[in-house]
Amino acid sequence: MSHEELERRPVIQTVTDAAARIQDGITLGVGGFINSGHPMALVRQVIRNGVRDLTVVGPASSGLEVDLLIAAGCVKRVIAPYVGAEGLVPIGPAFQAASQSGQLEVWEVDEAMYYAGLRASAQRLPFNPWRSGIGTSYPEINRDLVEFIDPVRGERLLAVPAIELNVAILHAAVSDNYGNVQHNGTGYGDRAIYAAADYTIVEVEQLVSVEQIQRNPAATSIPGANSVVRAPFGAHPFSSEGYYPPDVIALQEYIEAARPLRRGDRQPIEDYLRRYVLEPEDHIAYLEQIGLSRLMSLSEY
Amino acid sequence: MSQPHPVSNTALLGEPVTGMEMMAIVIARDLEDGEWVEVGANLPVPRAGALLAHLLHGPNMTLMMAMTKTWLLNQRSIEDFQFITDVRAARWAEAYYEHDRLLNNMRFRKRGVFFCGGIEIDCFGNSNLIGVGADHRRLEFRGPGAIGTCNATVYNGRYHLVTNSHSRRVLVEKCSFVSALGYGDGSPGLRASLNLPGAGPRYIITPMCVFDFDPTTNRARLRTLHPGVSLDDVVKNTGFAFVLPTRVETTEAPSEEELFTLRTRIDRAGTLRS
């Protein structure tokens with residue numbers, strides 16, 4: 001064997017190449033948590049690509065990244081225990097408008113059922129049992145949640161079907177060339193989303209040497225990303241822990257554009273999508289649109 | 001964070017007590033040392049109540065703030081963060097709660113106390129965060145989703161319902177949908193028959209009053225009226241029929257220590273006074 005054949009293969013890709021894997025009709029997992037850590041460089045590329053009929057499995061607390069995908073017409077069905085932005089807007093405006101008009105299907109779950117479903121996928125099981133939800137409206141409004149009698153103790157439980165992700169997209173702090181990813185902070189539910197997916201793309205603020213990863217291997221949260229995208233400010237307008245906080249001005253701008261959807265007015269969101277997603281040809285052009293002075297005003301701490 | 005204008009202690013204590021401050025004080029008095037409290041996103045009242053209990057009588061309480069385990073008795077003043085993931089809270093962390101692990105581990109919640117909101121809360125203590133309407137596929141009003149309330153109201157040792165909006169829109173006879181089970185249709189022993197490990201809701205805490213639940217019928221029962229609130233105010237603004245005991249007490253007014261701690265160490269920005 002020649003030495004060349006034994007070289008380790010890097011997994012670094014461009015945003016465009018990585019996002020090409022996200023095709024019409026797949027089940028797409030999205031990482032982060034409310035106003036933090038969403039893979040926005042990839043999300044905006046999915047919208048530019050005109051992807052349709054996605055089942056989007058948002059983070060346990062989904063933010064406006066899921067709302068934006070809905071507003072852009074990419075989503076047929078959403079699986080999420082919450083879609084909103086805390087005090088900025090308690091209910092995602094596009095999520096609300098599209099579900100009230102019947103255009104969007106909501107697969108109802110709470111956080112614990114959501115993780116039970118991801119866990120079933122990770123474990124390659126048809127379902128995971130869960131207790132909470134018995135006696136509530138959940139089995140009526142989500143017929144995929146099946147009540148059953150547990151054969152061991154005879155208790156009434158819910159079977160939560162596996163939530164199988166074709167592709168997961170995440171945002172994290174750093175990775176080496178080989179898909180060893182480290183988050184700053186807790187990493188939210190990103191590990192569970194990764195474990196439930198066939199294929200995981202992680203965008204990172206910085207690429208680092210494998211030696212740097214090896215200095216603290218316990219911090220490696222995603223040990224096997226299939227694809228890594230270098231995307232500084234890739235979570236903007238959301239925060240990336242240790243790099244920048246949420247850009248509240250930019251989030252407000254989205255909210256103002258999306259709110260009129262609730263009365264059926266699409267013009268403001270179309271303008272927003274054109275300005276911030278469709279016209280900038282790539283992630284760097286998006287950052288230029290936001291502007292250096294705004295980006296530099298976002299203090300790390 | 002915005003800093004308050006310097007004021008004398010007397011002036012600060014002299015400002016009228018708001019409904020939200022009363023709620024926080026009711027929450028604090030009920031919490032016991034040693035309990036585990038999860039302070040969720042965008043819930044300034046339960047946050048203030050949990051911190052007040054921690055600072056005044058809870059040195060062995062465990063607080064989960066901003067996805068971290070924390071202990072704050074040495075903090076002179078505790079900042080109020082706009083977002084649950086604010087990294088500034090992480091400097092107090094004794095542990096990180098990875099969200100999926102938090103939801104996989106239920107045993108430790110035996111001593112947990114939870115605070116559950118709702119776009120609707122009904123007379124049997126059920127909560128709805130899903131939406132309002134007859135047909136789930138065409139809701140008249142789409143809610144935010146249950147977040148973790150379905151599960152947290154089952155596995156925590158006990159919980160309260162809380163709402164900042166004491167209105168007929170929120171306090172309804174029957175929820176359109178139930179995303180967190182209270183006492184269901186009121187049938188005695190329902191929660192036990194479903195093997196739910198945690199107790200049902202103890203109180204409904206509002207800016208006007210505190211309800212508990214009748215032990216026989218499981219229907220909401222007026223427990224105390226906050227100072228200055230009349231029974232008539234409560235009746236007018238409550239959409240469910242509630243049990244009225246022969247004698248209704250007034251919620252004990254805040255002590256100087258409670259109010260001073262709340263206003264100088266927990267809510268310096270005055271969120272609960274706005």
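This is a predicted model: local features need pLDDT of at least 70, side-chain atom pairs count only at pLDDT 80 or more; totals for chains, interfaces and linings use all residues.
**View 1. Chain A meets chain B.**
Let us start where the two chains touch. The contact draws 52 residues from chain A and 45 residues from chain B. Together the chains bury about 4100 Å², and 60% of this area is on carbon and sulfur atoms. Polar contacts are here too: 25 residue pairs make them across the interface of chain A and chain B, with both residues at pLDDT 80 or more. On the side of chain A that touches chain B, the elements giving two or more residues are α4 (93-100), α5 (111-122), β7 (132-135), α6 (138-141) and α7 (190-195). Which of them gives the largest share of that side? It is α5(A), with five residues.

**View 2. A salt bridge from one chain to the other.**
How many salt bridges are found across the interface of chain A and chain B? The rule finds two. One salt bridge to look for links B:Arg142 with A:Glu108, and here the closest N and O atoms are 2.7 Å apart.

**View 3. A salt bridge within one helix.**
Find helix α10 of chain A, which covers residues 267-278 and holds both A:Asp271 and A:Arg274. These two residues are three residues apart, about one turn of the helix. They form a salt bridge, and their closest N and O atoms are 2.6 Å apart.

**View 4. Two salt bridges in chain B.**
First look at B:Arg137 and B:Asp135, a salt bridge whose closest N and O atoms are 3.5 Å apart. B:Arg137 has a relative accessible area of 65%, so it counts as exposed. B:Asp135 is partly exposed, with a relative accessible area of 32%. Now turn to the salt bridge between B:Arg221 and B:Asp212, where the closest N and O atoms are 3.0 Å apart. In this pair, B:Arg221 is partly exposed, with a relative accessible area of 24%. B:Asp212 has 9% relative accessibility, which is under the 20% limit, so this residue counts as buried. Salt bridges can also share partners: in chain B they join B:Glu15, B:Glu21, B:Arg263 and B:Arg273 into one network.

**View 5. A nonpolar patch on the surface of chain B.**
Which residues form this nonpolar patch? They are B:Leu231, B:Val235 and B:Leu244, and together they have about 220 Å² of accessible area. To find B:Leu244, follow the loop between α7 (231-237) and β15 (249-250) of chain B. B:Leu244 is partly exposed, with a relative accessible area of 46%.

A:Leu88 sits in the loop between β4 (75-79) and α4 of chain A. Is this residue buried or exposed? At 9% relative accessibility, A:Leu88 counts as buried. Leaving aside neighbours within four places in sequence, the residues in contact with A:Leu88 include A:Asn35, A:Val248, A:Leu251 and A:Ile255 from chain A, and B:Gln82 and B:Phe83 from chain B.

Where is A:Pro237? Look in the loop between β14 (227-230) and α9 (248-258) of chain A. The peptide bond from A:His236 to A:Pro237 is cis, with omega near 15 degrees. Next comes A:Ile34, in the loop between β2 (27-30) and α2 (40-48) of chain A. A:Ile34 is not a glycine, yet its phi is positive, at about 45 degrees. With 3% relative accessibility, A:Ile34 counts as buried. In chain B, the loop between β13 (209-213) and β14 (220-225) holds B:Asn218. B:Asn218 is not a glycine either, and has a positive phi of about 65 degrees. At 10% relative accessibility, B:Asn218 counts as buried.

Definitions and conventions. Residues are numbered from 1 along each chain as its sequence is written. Chains are lettered from A and ligands numbered from 1 in the order in which they are written. Side-chain values use heavy atoms; hydrogens and water are left out. A salt bridge is a side-chain nitrogen of Lys or Arg within 4 Å of a carboxyl oxygen of Asp or Glu. Helices (H or I, at least four residues) and strands (E, at least two) are DSSP runs, numbered from the N terminus. Buried means under 20% relative accessible area, exposed over 50%, partly exposed in between (1.4 Å probe, protein chains only). Patches are made of residues with over 30% relative accessible area and no salt bridge: like charges are joined within 9 Å, nonpolar side chains (Val, Leu, Ile, Met, Phe, Trp, Tyr) within 5 Å. Accessible areas come from the Shrake-Rupley method with a 1.4 Å probe; for residues, only the protein chains shown count as cover. Contact means heavy atoms within 4.5 Å. Buried area is the accessible area (1.4 Å probe) that two parts lose on being put together, summed over both. A polar contact is a pair of N or O atoms within 3.5 Å; within protein, one must be able to donate a hydrogen and the other to accept it, and residues adjacent in sequence count only if both atoms are side-chain atoms.
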